[in-house]
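Visitor: Please show me the structure. I would like to go through it by question and answer.

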Amino acid sequence: MDWLNYLELLLPGIWVTVQLTIYSTILGAIFSFAFGLGKLSNNWLIKLPSATFVEIFRGTSLLVQMFWLFYALPIIGHAIGIDARIPPIIAGILALSANIGAYGAEVVRGAVLAVSKDQYEAALAMNFTPRQTLWRIALPQALPEMMPPFGNLAIQNLKDTSLVSLITIADMAFLAQRLRNLTADSITIYTIVLFLYFFMSLFLAYLMGLLAKRIGTWRSTGRS
Amino acid sequence: MLFGIEWDTSSTLAFAMSIIPILLVGGITTIKATVIGFLLAMVLGLVLAGLKGMPVKIISWPASFVLEFLRGTPLLIQLFFVFYVLPQVTGWLIPAFVAGAIALALQYSAYCAEVYRAGIEAVPYGQREASRALNLPPLHTFTYIIIPQAIPRVIPALGNYVVSIIKDTPVLSAITVLEMLSAASIIGDRTFNYMVPLTIVGAMYLILTVFAATLVRIIDAALPKQGIPLK
Amino acid sequence: MSNPIVKFDKVTKRFGSFEVLRELDFEVQQGEKVTIIGPSGSGKSTVLRVLMTLEPIQEGVVYVGDQPLWHEQSDNGELVPASEKHLRSMRNQMGMVFQSFNLFPHMTVLRNITEAPINVLKIAKKEARERAQELLDMVGLADQANKYPAQLSGGQQQRVGIARALAMRPKVMLFDEPTSALDPELVGEVLGVIRRLATEHDLTMLLVTHEMEFARQFSDKVCFFDQGKIRESGPPDKIFTAPKEERTQEFLHAVLHPNE
């Protein structure tokens with residue numbers, strides 16, 4: 001069958017998409033905590049850059065960010081003295097991570113702020129330092145709150161990886177386009193690719209659900 | 001030149017100043033795509049949400065599936081599908097902008113449907129009980145009791161998606177719609193200076209999103225929390 | 001004795017596997033004022049909600065007047081589950097006052113009261129408004145007609161709730177813990193309205209409450225509910241001073257003398 005052939009030809013693209021998703025999600029998570037907690041800091045040397053990062057990467061278009069990094073990275077590399085070509089995939093991963101990191105930062109910040117004020121008062125009464133309060137009291141309670149929005153962000157990120165095809169990275173979307181230009185069989189190819197992304201997003205949703213359950217286990221204890 | 005406007009490459013500043021009008025012309029297309037796309041999305045989302053809520057499984061299941069499918073697939077591929085496949089299948093010639101608006105509408109209809117569902121569910125159950133106790137007909141209950149109370153809950157969420165759709169419009173450049181990103185790209189292609197146009201365009205999106213967010217906040221503040229007042 | 005206006009005949013209601021009403025037999029006469037007391041989960045609110053058609057039953061028959069409520073007569077005389085049409089025709093006979101008021105927050109007080117009469121009873125707007133104003137006078141809120149619920153105190157909102165239910169001219173008024181959600185100082189104004197309703201009108205009234213002192217003054221009959229059945233019922237004097245069943249004694253003791 002034709003479509004099995006297409007599937008085989010798309011395989012390298014699928015692998016690229018998966019890798020992009022994994023790397024950008026992990027890096028994005030790091031950014032989320034770094035800048036989310038940074039925005040909560042009382043030290044404006046930390047707060048200002050964090051807030052700026054979040055505003056810029058949340059307020060501007062991901063595709064524009066990708067294009068910008070795509071053209072800017074070689075210039076930056078040249079300026080620091082790196083002569084080797086920086087592969088476009090770095091621009092792709094950086095843009096995706098920064099984007100999901102900025103949105104995730106707001107989720108982190110919101111969840112930490114949502115922890116009841118009483119908890120902070122109790123921690124103060126027991127003489128915890130602010131740092132201890134954050135790591136031992138606030139974050140463990142904030143984490144389960146973050147999971148549903150993080151789940152949505154992860155799926156959004158997966159869908160956004162398709163944009164890297166527009167800066168010449170050979171992911172699923174790029175290979176689909178190339179295949180289509182060769183065969184003009186738009187219907188089959190795009191349908192296959194749509195379903196591939198669909199199944200991947202279902203699977204990702206499932207994984208995030210498992211993660212959410214693991215993180216939220218302490219909540220279910222309490223009622224007999 | 002682009003859109004009939006020349007740029008000035010004498011200095012970086014002159015260059016930047018001269019391309020702003022060009023980029024603004026692209027910006028008009030961005031705004032058109034946003035408004036048309038989102039209005040269509042709100043309507044389509046309402047239809048799909050309504051179908052999904054029907055007690056008849058033959059109708060609600062396909063509607064659910066369509067919504068899940070639209071949410072789980074990238075805008076870019078949906079865009080290609082609409083632009084390349086629809087003309088083949090239906091024989092209609094679909095201009096690029098129209099295809100773009102349709103794709104945006106499809107993607108965001110799924111988000112709108114979810115927002116509607118959440119807004120309606122947030123109306124306290126006691127309202128339905130009181131209506132039922134007073135023997136108010138179900139349609140009347142829905143139109144005059146539930147909807148007016150659901151709207152204030154729905155506005156902020158819809159507003160977020162308006163901001164979101166603005167940032168998704170550059171995807172349309174992939175099917176040659178001449179909006180802001182395409183304009184910047186073309187200028188870059190011809191002058192070999194990508195940084196200046198892209199940076200300016202980035203800033204323009206920032207301005208657009210801040211403007212939209214503020215507009216939403218104003219509308220939200222003007223609406224009473226309890227619901228659209230009925231005398 | 002004439003036919004009871006409300007009759008529960010071996011009614012069983014379940015939520016999932018939990019039986020909240022077990023083969024309940026219960027009768028209320030026309031014009032009677034009945035208070036239902038009992039512990040949480042005993043089924044007291046459920047009785048009212050079943051009567052108000054908010055909850056269906058699994059077994060048994062509920063009669064209002066001489067007609068079944070959750071069933072109707074089919075062509076060959078059998079009882080089949082009621083259609084929505086039948087429920088709608090029966091529902092007008094009952095009015096309900098909710099613990100959490102459930103006023104429509106986006107409508108004025110006046111519109112809250114006139115919405116159903118206009119749209120269900122098809123009463124002309126002018127007439128509905130006049131009647132609503134009369135009811136507001138009666139519950140002591142004559143000048144609040146154009147306020148929104150959020151601008152009123154809890155006690156005032158509940159009184160609007162009572163007026164709203166009365167506007168449909170029900171035969172049976174149901175009060176589901178009407179004062180349980182109120183600040184203690186506001187309880188009196190609502191109980192006062194209920195008391196006046198009882199003395200000045202011939203309405204049948206069913207009240208679920210924890211206000212024992214009020215129950216004693218207001219009722220013709222007190223029913224003690226426990227685990228889905230009526231353990232004991234009788235005139236308030238008997239029930240409150242000389243309860244026969246042990247469970248009734250336990251309950252009353254715990255409620256009336258919490259410090260012992």
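**Helix, sheets, cavities and loops**

Guide: This is a predicted model. In chain C, helix H2 (residues 84–91) has C:His86, C:Leu87, C:Met90 and C:Arg91 buried.

Visitor: Within what arc do the buried residues of H2(C) fall, seen down its axis?

Guide: An α-helix has 3.6 residues a turn, so residues three or four places apart point the same way. The buried residues of H2(C) line one face of the helix, because seen down the axis they fall within an arc of 130°.

Visitor: Which helix do the buried residues of H2(C) pack against?

Guide: In chain C, they pack against strand E4 (59–64), strand E5 (67–68), strand E6 (71–73) and strand E8 (94–97). The helix that they pack against belongs to chain B and is H5 (125–133).

Visitor: Which strands are the edge strands of the open sheet of four strands in chain C?

Guide: The order of that sheet is E2-E1-E4-E5 (chain C), and its pairing is antiparallel. An edge strand pairs on one side only, and the two that do so here are strand E2 (18–28) and E5 of chain C.

Visitor: What angle does the direction of helix H1 of chain C make with that of E1(C)?

Guide: Helix H1 (residues 44–51) of chain C packs on the sheet and touches strand E1 (6–15), E2 and E4 of chain C. Its direction and that of E1(C) make an angle of about 110°.

Visitor: Which residue in E5(C) does C:Tyr63 stand opposite?

Guide: E4(C) and E5(C) run antiparallel and are joined by two bridges. In E5(C), the residue opposite C:Tyr63 is C:Pro68.

Visitor: How many residues of strand E3 of chain C are buried?

Guide: In a regular strand the side chains alternate between the two faces of the sheet. Both faces of E3(C) are covered, with C:Lys33, C:Thr35 and C:Ile37 buried on one side and C:Val34 and C:Ile36 buried on the other. For strand E3 (residues 33–37) of chain C, the buried count is five of five residues.

Visitor: Which residue is the bridge partner of C:Val34 in E10(C)?

Guide: E3(C) runs parallel to strand E10 (residues 204–208) of chain C, and four bridges join them. The bridge partner of C:Val34 in E10(C) is C:Leu206.

Visitor: And which residue in E11(C) is the bridge partner of C:Ile37?

Guide: The pairing of E3(C) with E11(C) is also over four bridges, in the parallel sense. There the bridge partner of C:Ile37 is C:Phe224.

Visitor: Which helix gives the most to the lining of the largest cavity?

Guide: There are four cavities of 30 Å³ or more, and the largest holds about 80 Å³ of space. Residues of its lining include A:Gln156, A:Lys159 and A:Asp160, along with B:Pro74, B:Leu75 and B:Leu76. Helix H6 (130–160) of chain A and helix H3 (75–90) of chain B each supply at least two residues. The most, three residues, comes from H6(A).

Visitor: How much space lies in the second largest pocket?

Guide: Its lining has 23 residues, and those nearest the centre are B:Leu46, B:Ala49, B:Tyr116, B:Arg117 and B:Ile120. Helix H1 (12–52), helix H2 (57–72), helix H4 (96–121) and helix H6 (138–168) of chain B each supply at least two of the lining residues. The space in this pocket is about 700 Å³.

Visitor: How far apart do the closest C-alpha atoms of chain A and chain C lie?

Guide: Two pairs of chains touch, and the pair with the most contacts is A and B. No contact joins chain A and chain C, and their closest C-alpha atoms lie apart by 18 Å.

Visitor: What share of the residues of chain A count as buried?

Guide: Chain A has nine helices and zero strands. Its C-alpha trace spans about 70 × 55 × 25 Å along the principal axes. Of its 224 residues, the share that count as buried is 45%.

Visitor: Does C:Lys122 count as buried or exposed?

Guide: C:Lys122 has phi near 60°, a positive value in a residue other than glycine. Its place is in the loop between helix H3 (109–119) and helix H4 (125–138) of chain C. Exposed means over 50% relative accessible area. At 64% relative accessibility, C:Lys122 therefore counts as exposed.

Visitor: What is the relative accessibility of C:Gln227?

Guide: Phi of C:Gln227 is also positive, near 50°. C:Gln227 is in the loop between strand E11 (221–226) and strand E12 (229–234) of chain C. C:Gln227 counts as partly exposed, because its relative accessibility is 47%.

How values were computed. Residues are numbered from 1 along each chain as its sequence is written. Chains are lettered from A and ligands numbered from 1 in the order in which they are written. Side-chain values use heavy atoms; hydrogens and water are left out. Buried means under 20% relative accessible area, exposed over 50%, partly exposed in between (1.4 Å probe, protein chains only). The arc is that of the directions from the helix axis to the C-beta atoms. Contact means heavy atoms within 4.5 Å. Two strands pair if DSSP finds at least two bridges between them. Axes are lines fitted to C-alpha atoms, for helices over the stretch in contact, and angles run from 0 to 180 degrees between N-to-C directions. On a 1 Å grid over the protein atoms alone, a cavity is a set of points where a 1.4 Å probe fits but cannot get out, and a pocket is an open set with protein on both sides within 12 Å along at least five of seven lines; lining residues have an atom within 4 Å of a point. Grid points are joined across faces, edges and corners, and a volume is the space filled by probe spheres set on the points.
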